[in-house]
Amino acid sequence: GGLRRMPGRRQEDPEPREPPAEAFVCGANESGQLLGGPVCDALLSPVPLLLPGVRVARVSLSLSHALLLSDEGTVFSVGDNYCGQCGVHSPEQITSPLRIEALNTKAVATVAAGAQHSAVVTSNGELLTFGANDHGQGGHGDGGALDVRRPRLVHLGAVADVSCGGAFTILIDREAVLWGCGSNVHGELGVGDFEGRAAPTRLASLSATPMRSVAAGERHAVAVSIAGDVYAWGSRRHGALGLPLLAGSEARGLPTPRTVPALRGRRAVAAASGSDWAM
């Protein structure tokens, strides 16, 4: 009277479960920034990330704090929090990954950690920033607080991606247009001058060039267009822009994005920036 297996058919095996993702950390850890690794000056060998039950989708590391994004869109922070860069009011140093409760209702798609500030972009294109805002890097306009200790919405159209530099922020909106805010001493905003901006300002010289990605360094930035061209601007220190060093006004920095001559004719797909270098 019960169900019977059909002759000649094999019972289907259950789909194999994907093994849990593991992340490992190593290096300087004087602020506990290694996402819950043992608190010490440095870890010379990789140790497992101490965040049980969380599948890691993305990690963004800065000088002394870090942001971690789970595959469910949840954000954790760890490390120095003197300016609120970990997204909470206190304590001033977080030595174990802490879920940012102010983002609990948000499905976060990407995270970015700057020197002392942070940014996240949600799945519906909202940009929220927190941490140091003394140069306007939070993008909240003139008269904003010097420190923003909880994620705060930046009033702009839908955003696709964001990258945080030393004291500035560069983002791409969903129309593939670049915007920048914050410090601009070396032309790192790419807006054609050396004046800082407290609110996101469009990079006019590239407004007709759809962008794929952007990577901010300490005082420079590199971007890749959808066509595969590479643009660089900001501080020329140590050749970070991949451009010939020039005397005169450009020695301070390059305030207007310029294509990298050595990469012309090559179709780039991504770029990354370190303190004073790029890849």
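Strand 7 contributes five residues to the lining of the largest pocket, the most of any strand. Strands here are DSSP runs of E of at least two residues, and helices are runs of H or I of at least four residues, both numbered from the N terminus. The structure is a predicted model, in which local features need pLDDT of at least 70 and side-chain atom pairs count only at pLDDT 80 or more, while totals for chains, interfaces and linings use all residues. Residues are numbered from 1 along each chain as its sequence is written, and side-chain values use heavy atoms, with hydrogens and water left out.

A pocket is an open set of points on a 1 Å grid over the protein atoms alone, where a 1.4 Å probe fits and protein lies on both sides within 12 Å along at least five of seven lines; lining residues have an atom within 4 Å of a point. Grid points are joined across faces, edges and corners, and the volume is the space filled by probe spheres set on the points. The largest pocket holds about 660 Å³ of space. Its lining consists of 30 residues, and those nearest the centre are Ser 60, Leu 61, Ala 113, Cys 164 and Ala 216. At least two lining residues come from each of strand 3 (56–61), strand 7 (108–113), strand 11 (159–164) and strand 15 (211–216). By residue class, the lining has 15 nonpolar, 12 polar and three charged members. Nonpolar covers Ala, Val, Leu, Ile, Met, Phe, Trp, Tyr, Cys and Pro, charged covers Asp, Glu, Lys and Arg, and polar covers the others, Gly among them.

The second largest pocket has a volume of about 230 Å³. It is lined by 20 residues, with Val 222, Val 230, Leu 263, Ala 278 and Met 279 nearest its centre. Strand 16 (220–225) and strand 17 (230–234) each provide at least two of the lining residues. This lining divides into 14 nonpolar, three polar and three charged residues.

Ser 225 also belongs to strand 16. Ser 225 counts as buried because its relative accessibility is 2%, where buried means under 20% relative accessible area (1.4 Å probe, protein chains only). Beyond its neighbours within four places in sequence, Ser 225 is in contact (heavy atoms within 4.5 Å) with Thr 209, Pro 210, Met 211, Arg 212 and Tyr 231.

The protein chain as a whole contains zero helices and 18 strands. Of its 279 residues, 48% are buried. Among contacts with a separation of 6 or more, 48% join residues 24 or more positions apart.

Methods
Buried means under 20% relative accessible area, exposed over 50%, partly exposed in between (1.4 Å probe, protein chains only).
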